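Hi everyone, thanks for coming. I have a structure to walk you through, and I'd like us to take it piece by piece.

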Amino acid sequence: MEAGARAERSLGGGLPAWALGVIPLVLIAVAIGSFALLGGPGLGERTGPPVEEVSVEQTALHPGQIELTLRNDGPDPVEVAQVAVNDAYAPFSAAGGLEIGRLGSTTLDISYPWIEGEAYEIFVVTSSGGTIEASIPVAAETPEADASFYGLMALLGIYVGVIPVSLGMLWLPFLRRLGSQWMAALLAFTVGLLTFLAIDAGLEGLEIAAEAPAAFGGASLVFAGALVAYLVLAGIDAYLQRRAFATKPEEGSLVARGATTANRATTGGAYLALLVAIGIGLHNLGEGLAIGTSYATGALALGAFLVVGFAIHNTTEGLAIVAPLRGGGESDGASPGIGRLLGLGLIAGAPAILGAWIGASAFNPSLAALLFGVGVGAIVRVIVQIAPAMRDRNGRLLYPSTVAGMLAGIAVLYLTGLLVSV
Amino acid sequence: MSKSRFVSDKATKEPSDAAGRGISRRRLLGGAAAVGVPAAIGLNQLVSGSGIAAPPAAAEQPPSHAGHGAFPHASFAKGRSVDHRANGFHPTELLRDFDYGKTRRLASGRVLREWEIVAADREIEVAPGVKYEAWTYNGRVPGPTLRAREGELLRVRFVNGSEHPHTMHFHGIHSALMDGMPGIGESRGGGQIEPGEAFVYEFDATPFGVHLYHCHVAPLAAHISRGLYGAFIIDPKQGRPEADEMVMVMNGFDTNFDLANEVYAVNTVGFHYVNEPIVVPREELVRIYLVNVLEYDPVNSFHVHGNFFQHFPTGTSLQPAELTDTIIQGQAQRAILELEFPLDGDYMFHAHVSEFAELGWSGFFRLVNPSRLAAASTAALYCDLPWGGGQA
């Protein structure tokens, strides 16, 4: 320590702190500048053909026309030369030009008499003869993004988000009748549900990220989103608790430590319910995004069956929210009002509407991957937050009733998930 | 009916003086174009100076817009065309470009016919905007159409100017040393010809028919698909009936090297003869020397609209095998097709493997009779379609 301090002193001299912070930046700028000015000494000419990496960001279908948005993901500019749809060259135009610079994008308007319900494989030939492939699994006209379209998406969000979550919350009176020994098992059930949701969202995020341009991060966006969501929620949590501690010291600190008192159960229960609602809400944002995108690209046939499936599936999420509200038994005086319950339902369900809007109108695989990551991070944070309340007197997390609860949660979500696997 | 294309005791590098009739026909058509109408369509700008007639463009009325919104068939993006000058060859010229080599009479009285062929690596444009690193004979794909007469002694000096080893393997009857086969005859200077080396192939012109030559160095598929092939015609001693003759080499290009072709064509450039229809005379014999060299696909085919043709498989018989409008060919199969068009208008020809047709292997014959401008209005229709060629 002593030696380190001395070294700092000798290195820093009498300079002010800000200068010490800026000097490395200046040196970096000088190094980069001279490297560029000298033309990258020692590197020589790059050998080999140009690297062409282009991803298809968006496909849209209008009558007699297919629209492809391409993004150049590689180090070299790429020039589009020809486009073939289902092994037939087709006339096309590109308002943004045929050449795509690094990270740039262009949209191709391809004239093609596509037929609803058919599948299309498109290959774009670049000037070097390379090909970029895009596929349309089920052709359907891309809806115009007008008011009625946004209305439909909102309705969709309400169907799969708000209504089922709210319905699921109607189990609250039933839960309240259950004996207090059920509390930990119910929380475990919620944790089981959430764990499965996190895994599901994470995998979906990674799947979408695989199609996203690697230059924007690809799969790492999912992890970054998760980390950011986790840290932000943890930060908000810490902030709220500090405020709570300032007003009611003993309660806030108890929540923080996850201690088991009857007092904590009421206040903490409402608080945990809110956290679960936020986590599920962020998850539903991703779910809405996926639904909206699939709908817009025609990959999702919006049958009543599917809506029903989603409704049943998401009803379990409502159950997860109200489980912490069940209270610890005797001292559950503060029964949450209808208004509060509705609020929780909206927090958990309404983001599906927003997600559907984004997904259907401005889908971008990188953004979607990030949002799915955010959902995962939020859920993980909620799990971490709920877990302490499951502990028994000996401080154990896993004992028969919690294990059974978690398994039940996983099983329920898995089984209802079968209804919506498209 | 024997034609006077061969003046066997003279060197005939250019067939034109021998084929005087061909010239007169071209002049006739050229005149038609001049009398015909202003070149509203910028077709054939490159060709017009080369002696091959530009098709008479459009009738008096402005081009119809009926084509918009309709999808007549697959094509490339409108308004783009291949830079034939940069390519160094033009499919419309290549069609009727027969390389007769140089001839002299040997002491025995026999005709010796000689060519020099140079292999060279060259980037060519196979579809508008799509560049391909081709390997070529004499800088063009397909290589020159070598044409001789049955019974002559043929001598082909092959110089390998490419960065890769190559050979010339002729389909014909010859000794093993002259087979252009790696591993056979290296000790005598033959077999595989390394970069910078040369070899003289010598063999008899037999049997008559339409044949081909190609590189036979391994990996074979790569060496062929890169562009090392050409048509090789041996005329029967007595010749064939006079006709408007043309060579069509059915080929394709695997531009992304995934062992499947992205562009299909006759004579290399996809949709070229859609953008510049082949102008042929009405009620006169048209003879097509058709050769399939397509790699990576098991069969290719040829189909013509509104007409039937006599099919002479491999051209080794003077009797047609069949009157038909569609034939299929495996790789290296070839045939002579003879037909006459009784009516004016535009008649499509294409591979009846629809996929190939829509990936470039399509074209049109344009029947032009100066007295019948009605047909030109049909032409005007085509020229306004999305794939209408040559428009800026």
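I'll talk about chain A, then chain B, and finish with some backbone details.

Please keep in mind as we go that this is a predicted model.

Let's begin with the sheet in chain A. It is an open sheet of 4 strands, in the order E5-E3-E7-E8, and the pairing is antiparallel. At the edges sit strand E5, residues 99–100, and strand E8, and each of these pairs on one side only. Further in, strand E3, residues 78–85, and strand E7, residues 120–126, are joined in the antiparallel sense by 5 bridges. If you want one pair to find on your screen, look for A:Val80, whose bridge partner in E7 of chain A is A:Thr126.

Now to the surface of chain A. Which residues gather in a patch of negative charge there? They are A:Glu116, A:Glu141, A:Glu144 and A:Asp146. To place one of them, A:Glu144 is in the loop that runs between strand E8, residues 131–136, and helix H3, residues 147–169.

There is a nonpolar patch on the surface as well, made up of A:Leu152, A:Leu155, A:Ile158, A:Tyr159, A:Ile163, A:Leu167 and A:Leu170. Together these residues have about 600 Å² of accessible area. A:Tyr159 belongs to helix H3 of chain A, and with a relative accessible area of 38% A:Tyr159 is partly exposed.

One more stop in chain A: A:Ala389, in the loop between helix H12, residues 365–386, and helix H13, residues 400–417. Is A:Ala389 buried or exposed? The relative accessible area of A:Ala389 is 13%, so A:Ala389 counts as buried, the cut-off being under 20%. From A:Ala389 to A:Tyr150 the separation is 239 residues in sequence and 41 Å in space, C-alpha to C-alpha.

On to chain B, and strand E11, residues 244–253. How many of the residues of strand E11 are buried? The count is 10 of the 10, so strand E11 is largely enclosed by the rest of the structure. As a reminder, in a regular strand the side chains alternate between the two faces of the sheet. Here, B:Asp244, B:Met246, B:Met248, B:Met250 and B:Gly252 point one way, while B:Glu245, B:Val247, B:Val249, B:Asn251 and B:Phe253 point the other way, and all are buried.

Strand E11 of chain B has a parallel partner in strand E14, residues 285–292, with 7 bridges joining them. In that pairing B:Glu245 is opposite B:Arg287. Strand E11 also runs antiparallel to strand E12, residues 263–266, with 4 bridges between them. There, B:Met250 has B:Val266 as its bridge partner.

Next, salt bridges. Over all chains, a search of the whole structure finds 18 of them. One is between the side chains of B:Arg96 and B:Asp244, at 2.9 Å from N to O. This pair links distant parts of the chain, 148 residues apart: B:Arg96 is in the loop between helix H4 and strand E1, and B:Asp244 is in strand E11. B:Arg96 is buried at 12% relative accessible area, and B:Asp244 is buried at 1%.

B:Arg282 forms a salt bridge with B:Asp344, at 3.0 Å from N to O. Those two are 62 residues apart, with B:Asp344 in the loop between strands E19 and E20 and B:Arg282 in the loop between strands E13 and E14. Both B:Asp344 and B:Arg282 are buried. B:Arg282 also forms a salt bridge with B:Glu283, where the closest N and O atoms are 3.4 Å apart. B:Glu283, though, is exposed, with a relative accessible area of 51%.

There is also a network of salt bridges linking B:Arg147, B:Asp235, B:Glu245, B:Arg287 and B:Glu338.

Last, the backbone. Most residues other than glycine have a negative phi, and most peptide bonds are trans. In chain B, a cis peptide bond joins B:Val141 and B:Pro142, with omega about -5°. B:Pro142 is in the loop between strands E4 and E5. Another cis peptide bond joins B:Ala218 and B:Pro219.

As for phi, B:Asn138 has a positive value near 55°, and B:Asn138 is also in the loop between E4 and E5. B:Thr314 has a positive phi of about 60°, and B:Thr314 is partly exposed, at 25% relative accessible area.

That's my tour, and I'm happy to go back to any part of it.

Methods:
Residues are numbered from 1 along each chain as its sequence is written. Chains are lettered from A and ligands numbered from 1 in the order in which they are written. This is a predicted model: local features need pLDDT of at least 70, side-chain atom pairs count only at pLDDT 80 or more; totals for chains, interfaces and linings use all residues. Side-chain values use heavy atoms; hydrogens and water are left out. Patches are made of residues with over 30% relative accessible area and no salt bridge: like charges are joined within 9 Å, nonpolar side chains (Val, Leu, Ile, Met, Phe, Trp, Tyr) within 5 Å. Accessible areas come from the Shrake-Rupley method with a 1.4 Å probe; for residues, only the protein chains shown count as cover. A salt bridge is a side-chain nitrogen of Lys or Arg within 4 Å of a carboxyl oxygen of Asp or Glu. Lys and Arg count as positive and Asp and Glu as negative; His and the chain ends are not counted. The place of a charge is taken as NZ of Lys, CZ of Arg, CG of Asp or CD of Glu. Two strands pair if DSSP finds at least two bridges between them. Buried means under 20% relative accessible area, exposed over 50%, partly exposed in between (1.4 Å probe, protein chains only).
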